[in-house]
Amino acid sequence: MLVNDDIHALSAAVGGIVAVPDSPEFAEETFAFNAATVHRPDVVLGAADAQDVAAGVKWAAERRIPVSVQSTGHGAESAVDGGLLINTRRLQELQIDPVERTARVGAGVKWRHLLEASVPHGLIGLHGSSTDVGVVGYTVGGGLPVLGRAHGFAADHVRSMEVVTADGVLRRIDAEAEAELFALMCGGKGNFGIVTALEFNLFPLGEFYGGGIIYPGADAAAILAAFREWLPTLPEAASPSISLLRLPDMDFVPAPLRGQFVVHLRFAFLGNREDGDALLAPMRTVSSPLMDTAGPMSYLDVDQIHMDPADPLPFTDGGALLKEFGEEAAGELLRLAGDGTDCPLLLIEIRPLGGALSRGGVLPDAVSGRDAAFLLFLLGFKLPPVLPAVTESIRAILAAMAPYSTGYTLVNFHGEPGDEADRARAWSPAVYERMRAAKSSYDPGNLLRFGHAITGVPPAG
């Protein structure tokens, strides 16, 4: 149990804010974008810099207090209960090297801010469906980009990182300096330390074509069939996805679509209008679209492709990697979530993988999913009136899709982690065993035990 002397010792060791549950800053420092997750640590440190992170971890290690980390809280699947929470949102270092085509960011930088700095140089980073997400948390979880089929996972292109391990030591690691730790941090979701800075490759941006087509949900079967036939015709420069959406009557939904069940095709393409229109033409003749926003786009408007909510919401989710999504799989999905069902989920997404996502980067990493054809992702509101139905719907859909699944997940799309066997599904068996060995070496006291944490190898004897 912490006493006042412990809190004073932490305050004396750092330059940032130290708050306990009755402090006025506590709520703001622990707030997560996933508003359903309410963290209750014993103490929170609003780190001012990397040295604060190191001092905080060292302080916790000396007292054998568990440590967690958060920047934006987009990935806050489960609440922190007790211990020290380190908030890294103030680590706002941001450097773009347009000659080397690299970026260096602090742990608090969001993708939106990076793009505002890189796009004027004709460069982009490999962000996901929302640029409001923090760069570091997304990337150490693998990072599935909007343009993933063209460039691969974000973790494939990390060049170096600075990380505070569980002993409170700030290390700079890369493919030569502590290569095994570096490889496992790229996709290992922070199991071995807290990243304070990341350096990674950027990619040239030419013409960009993106947007979406929204169809009536009543035509979902025909639209999914057309989608499956259309996919093999696309080059790797095109990255589509498709979702079943049950849109609530809320401000973040365009007014004409509120309260409707729709199918949303998302499309991102590195190319010009003529080529983009030609690629998308087959899907424009399917059904009678309610909305079509696809066309040449400023890359700074890329969030309009997926139209993810910009404001915090309470949600729960789940996911699976699929080896196929044929007629039978689509039929099972629609049986549980199609038109006329009482499915309570806000979103059911099918995202094609393949292309550069299947090949991997130059350096080894811990990212899973390279052998999968699709990602299935499910999301619903985590509110008391609907939560039991949402939880059951996620369970039922994942069970129905199990025959078409690889049996594994992407850690950023896994959902709330369960027991050890469930957590292990975020990595291949070989990578998981390497991670357990590294956990035993870098965090033998299991200080980093919150979120999608694994356990080390038990000592012999």
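Guide: Let's start with Arg64, which is exposed at a relative accessible area of 73%.

Visitor: What makes Arg64 count as exposed?

Guide: The cut-offs do: buried means under 20% relative accessible area, exposed means over 50%, and partly exposed is in between (1.4 Å probe, protein chains only). Arg64 has 73%, so it is exposed. One word about the numbers: this is a predicted model, where local features need pLDDT of at least 70, side-chain atom pairs count only at pLDDT 80 or more, and totals for chains, interfaces and linings use all residues. Residues are numbered from 1 along each chain as its sequence is written, and side-chain values use heavy atoms, leaving out hydrogens and water.

Visitor: Where does Arg64 lie, and what is its phi?

Guide: You'll find Arg64 in the loop between helix 3 and strand 3. Helices (H or I, at least four residues) and strands (E, at least two) are DSSP runs, numbered from the N terminus. Arg64 has a positive phi of about 55°, although it isn't a glycine. That gets a mention because most residues other than glycine have a negative phi. Asn446 also has a positive phi of about 55° without being a glycine, and it lies in the segment after helix 13 (429-442).

Visitor: Why is Asn446 called partly exposed?

Guide: Its relative accessibility is 24%. That falls between the 20% and 50% limits, so Asn446 counts as partly exposed.

Visitor: And how do you know whether Val67 is buried or exposed?

Guide: Val67, which is found in strand 3, has a relative accessible area of 2%. That is under 20%, so Val67 is buried. Leaving aside neighbours within four places in sequence, its contacts (heavy atoms within 4.5 Å) include Val57, Ala60, Leu84, Ile86 and Phe450. Val67 and Phe450 are 383 residues apart in sequence, yet 7.5 Å apart in space, C-alpha to C-alpha.

Visitor: What makes strand 19 largely enclosed?

Guide: Eight of its eight residues are buried, so strand 19 is largely enclosed by the rest of the structure. Both faces are covered: Phe374, Leu376, Leu378 and Gly380 are buried on one side, and Leu375, Phe377, Leu379 and Phe381 on the other. Strand 19 pairs antiparallel with strand 17 over eight bridges, and six bridges join it, also antiparallel, to strand 18.

Visitor: How do you know that the span of helix 11 is close to what's expected?

Guide: The expected span is 1.5 Å times one less than the number of residues. Helix 11 (residues 387-401) has 15 residues and reaches 21 Å from its first C-alpha to its last, close to the expected 21 Å. Its buried residues, among them Val390, Ile394 and Ile397, pack against strand 17 (315-322), helix 10 (327-337), strand 18 (347-352) and strand 19 (374-381).

Visitor: Last one: why is the charge of Arg246 said to sit over the ring of Phe261?

Guide: A charge sits over a ring if NZ of Lys or CZ of Arg is within 6 Å of the ring centre and within 35 degrees of the ring normal. The charged end of Arg246 sits over the ring of Phe261, 4.1 Å from its centre, which is within the 6 Å limit.

Terms used:
Two strands pair if DSSP finds at least two bridges between them.
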